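Please read the following alongside the sequence and the model. The text goes from a surface region to a ligand site and then to individual residues and pairs.

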Amino acid sequence: MISNYIKIAWRNIIINPLYSVSNISGLALGLAICMLITLFVKDELSFDQFFTKKREIYRLVVEERSPEGEVRKFGQTGLIHGPSFQLQASAITNMVRYQQQHYAIKTDDDIVVQSAFLVDSTYFNMFDATFVDGNKYKALYDPQSIVITKKLAEKYFNTISAVGKSLNINFDEEFQNFTVSGVIENPPVNSSMQAEMLIPIHKSKNRDNQWINFYINTFFEIPEGTDIANVEKQFALIFATDAKDQIADAAKEWNYKDQLTFKLQPFLDIHLSKDFKAVNGMKESGNILFSYFLSGIALFILLIACINFINLAIARSVERSKEVGVRKAIGSTRKQLICQFLSESFLLNGFAFILGIILTYTALPVFNQLSDKQLDFSYLFDAKLLTIFIAIFLLTGLLAGFYPALLLSGFNPVETLYGRINLGGKNLLQKSLIVFQFSLASFFIIFAIVQYRQANLFVTKDLGYDDQNLIEIEADGMTLSKIGVVENELKKDPSVLNVSPINPCCWMTGVSTKDGKEMAPYMKVTNYNLINTMGLTMKEGRFFSPDFPGDSTQSAIVNESFVKAGNMKDPIGQTIKVMNRDNYQIVGVVRDYHHTSLYQTVQPQVFISNPQQGWGAFLIRISDKNIPKTLDHIKDVIKSQFPYPSLQI
Amino acid sequence: MLQTQNLQKIFTTEEVETTALNGINLEIIDGEFVAIMGPSGCGKSTLLNILGLLDSPTEGSYNFHGTEVAKLSERQRARHRKGKIGFVFQSFNLIDELTVFENVELPLLYLKTPSMERKIRVESALERMNMMHRRNHFPQQLSGGQQQRVAIARAVVAKPKLILADEPTGNLDSANGKDVMKLLQELNNEGTTIAMVTHSPYDAGFSHRIIYLFDGKIVTENFHV
Ligand SMILES: Nc1ncnc2c1ncn2[C@@H]1O[C@H](COP(=O)(O)OP(=O)(O)O)[C@@H](O)[C@H]1O
Ligand SMILES: [Mg+2]
């Protein structure tokens, strides 16, 4: 009987190609979108789940509370926090610091910049990694050793058996040979820990003992069942004693009054956390709400596809009514007819599924590009997901097939056989389904428009400056004379329009105004040329200028938000104190531009041009002609002046 | 075979009530061949459908094969007619998506006949209707006469005791109509009871008895032989 149903179903599909194609492709499209979204959500939710100690690892995080009650949250700490806490809090069984750096590596014919992580030698006791070469427990013991991934082993040595081979790395200002002591599998895409090269942190000469300086990730291993709140209380005590002198100094020197609270963030929370984000080389955080939201959309789309399926089936039911009558007259029961129509919808559904899988497969690369992920198709084939998909298959099959089956099988044979069937007025359900489908579709169109405009905001919103053709290149050891040389060399290419030294993104500093108001604006260290390079506009006063040689030590520029936040009436000419140390006179106010996230309102900002503060990067404006050639030129110039740079382009 | 008493059928639609049958008392005995005649709209098809358990009467009693079936539910009626009644319609009513063979096989599938036996019975029914050479054709590829022969094959394949035919020759030319009538007569000679609606006095001539309907009532009964 089943084979007979399938035969009929198949022939119905063949005989009505238009119906079948529209039905199958509609459902397939819905399913494909559903699958892509499932992959995305799975990736988000499965992040870091494969680590054996996922529930025992915590990250040390800090809350900094100003006297005004403003709270800033840092996912990072300094070098000293980890060892100090581990030493005195007995619950901690292992501690790993994880600090991203960029190093120049000398290969046979070139110098390349490589991201690497300084880690404690117990790293592999905490974070799983599969060693394809070398010994897991001895790997990071010798300070001159490194562990690299298979990918890097192939890149630098053309083999994955790289243990014993050496790499010439610019470490602590000199090129040294490091010996590969282990080769590990490339980290899974859904891991926060994406290190491709690990170097023992005890190799570094950096003995920074600052308690109020946060720039690396520190992880603790704490056995399950431990009272975490209690451990955090211990941290507070340890900090209060160990950091006492530094806090006192900071209060004296730059009026530091903030309250620091150290907390433990469960490892699994990091990826999706909004407060304490994945930073310093940890893979960037996602947004859990977005995942739920997408899941909702996936369900809606599937629902629309099902309703579409139902509507088409109902529309066709009149054509099928004669068959129902005949079958009933011949001896079919209603149950058998329901089975028949259900198997038809399942067959259509099956084709839709196969097509959906093919669509997913072909769309995955584009989707990855759009969503900035590396989802793999093989992801689909895990037991849990397969169950979900089989459930979706059954659900859509039933959802889409059951009502039409019920409707069709309920036809009165006498009416159908004599052609008296009339669905015209009475099928309220179909009417309401069509209305529902229409509303959902409209909703999605509106939603898409809103999304599009939202996305467009980032592209077209006036940032307050021209962000096109602007390049930032980091370089170490920038001096005034070197900057001059670089600028001259760069300008030999007419496509390089302007060059300014700046400090790399997002330093904050302490500033007090003449009325004694304390502020924490973002600070840009630069020179007079920035106004041209970025294309900023002045609200009042002037920008730094070569005509005022005193600017570098005496003058500061602020933005409108700074003036507003500082409640300043007549900013020009006022004196501000930076870092409780240096006095500058405000000579100009620039119009606000977005220098942090677009989600934020424009933050207060102060510009100075004092070389003492150090720069660290070049901001270069190029014309939009011949960009590849210009970039090559820039690379060459920077390399010639900073031969062993930790440069990043 | 069957017996009705004071059978009534009233169709109620939104606008009107139609009394299609109005007190039908009818008995058909085993092996009989009955023709039902009368003007269009007088209730012939309605009567046939009720006799065939496709529909139920509004009023009255209907004894089929010793069982009172007038008040049965749709599901119970389906069970009672399965394998016992074969239908032949004016418009053939073959399933377009199935081949000749599969159409004829369908009643046996619903009776859960084993596949070997199914094959034998379908083939013998087709041979008898002289349709074996068309077994793998689809209905649309056949002439009207051929389609009706397939429909008869389908009606007889389960060897029912009763065949109900609603204007079986209505859509056929006279030569094909005559073929069909001969087939029905043969079946009747082998013992199958037949009730047939017809407009054609010639076709009615094959029956033992003619019942005339008018406005849902039996007005005359004619016995020949
Ligand atoms: N399903 C139905 N709904 C409403 N009226 C019907 C239905 N079936 C038949 N009738 C009405 O019942 C009467 C008898 O119909 P029918 O038995 O088909 O007549 P005949 O077959 O003699 O031409 C007609 O008036 C017809 O309109
Ligand atoms: Mg009729």
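A:Leu355 is partly exposed because its relative accessible area is 33%, where partly exposed is the range between buried, under 20% relative accessible area, and exposed, over 50%, with a 1.4 Å probe and protein chains only. The model is predicted, so local features need pLDDT of at least 70 and side-chain atom pairs count only at pLDDT 80 or more, while totals for chains, interfaces and linings use all residues. Residues are numbered from 1 along each chain as its sequence is written, chains are lettered from A and ligands numbered from 1 in the order in which they are written, and side-chain values use heavy atoms, with hydrogens and water left out.

A:Leu355 sits in helix α9 of chain A; helices (H or I, at least four residues) and strands (E, at least two) are DSSP runs numbered from the N terminus. A:Leu355 belongs to a nonpolar surface patch of about 850 Å², whose other members include A:Trp10, A:Ile14, A:Leu29, A:Ile33, A:Phe351 and A:Ile358. Patches are made of residues with over 30% relative accessible area and no salt bridge; nonpolar side chains (Val, Leu, Ile, Met, Phe, Trp, Tyr) are joined within 5 Å, and like charges within 9 Å. Accessible areas come from the Shrake-Rupley method with a 1.4 Å probe, and for residues only the protein chains shown count as cover. Two or more residues of the patch come from each of α1 (2–15), α2 (17–45) and α9 (334–371) of chain A. The greatest contribution is that of α9(A), with five residues.

The ligand site comes next. Ligand 1 lies between chains A and B. Chain A is represented in the shell by A:Arg420, and the residues from chain B include B:Phe11, B:Thr13, B:Thr18, B:Ser40, B:Cys42 and B:Ser45; a residue counts as near when one of its heavy atoms lies within 4 Å. By class, the shell has three nonpolar, seven polar and two charged residues. Here Ala, Val, Leu, Ile, Met, Phe, Trp, Tyr, Cys and Pro count as nonpolar, Asp, Glu, Lys and Arg as charged, and the others, Gly among them, as polar. Both β2 (17–28) and α1 (44–51) of chain B supply at least two shell residues, and α1(B) gives the most, with three.

A backbone N or O atom of B:Gly43 is 3.0 Å from a ligand oxygen, and one of B:Lys44 is 2.8 Å from a ligand oxygen. From B:Thr46, a polar side-chain atom lies 2.5 Å from an oxygen of ligand 1. Of the 560 Å² of accessible area that ligand 1 has on its own, the protein covers 78%.

Two buried residues of chain A follow. A:Asn559, in strand β19 (residues 555–559), counts as buried because its relative accessibility is 0%. A polar atom of the A:Asn559 side chain lies 3.0 Å from the backbone nitrogen of A:Gln605. A:Thr218 is found in strand β10 (residues 217–221) and is also buried, with a relative accessible area of 0%. From A:Thr218 to A:Thr77 the C-alpha distance is 6.6 Å, although 141 residues separate them in sequence.

How many salt bridges are there over all chains? The count is 27, with a salt bridge taken as a side-chain nitrogen of Lys or Arg within 4 Å of a carboxyl oxygen of Asp or Glu. In one of them, A:Lys151 meets A:Glu196 at 2.8 Å, N to O. This pair links distant parts of the chain, 45 residues apart: A:Lys151 is in helix α5 (residues 150–157) and A:Glu196 in the loop between β8 (174–184) and β9 (197–200). A:Lys151 is partly exposed at 46% relative accessibility, as is A:Glu196 at 22%.

In chain B, the side chains of B:Arg209 and B:Glu32 form a salt bridge of 2.7 Å, N to O. B:Arg209 lies in strand β9 (residues 209–214) and B:Glu32 in the loop between β2 and β3 (33–37), so the pair ties together parts that are 177 residues apart in sequence. Both B:Arg209 and B:Glu32 are buried. Salt bridges with shared partners also join A:Glu63, A:Lys73, A:Lys263 and A:Asp275 into one network.

Conventions
Polar contact = N/O pair within 3.5 Å; in protein donor to acceptor, adjacent residues only side chain to side chain.
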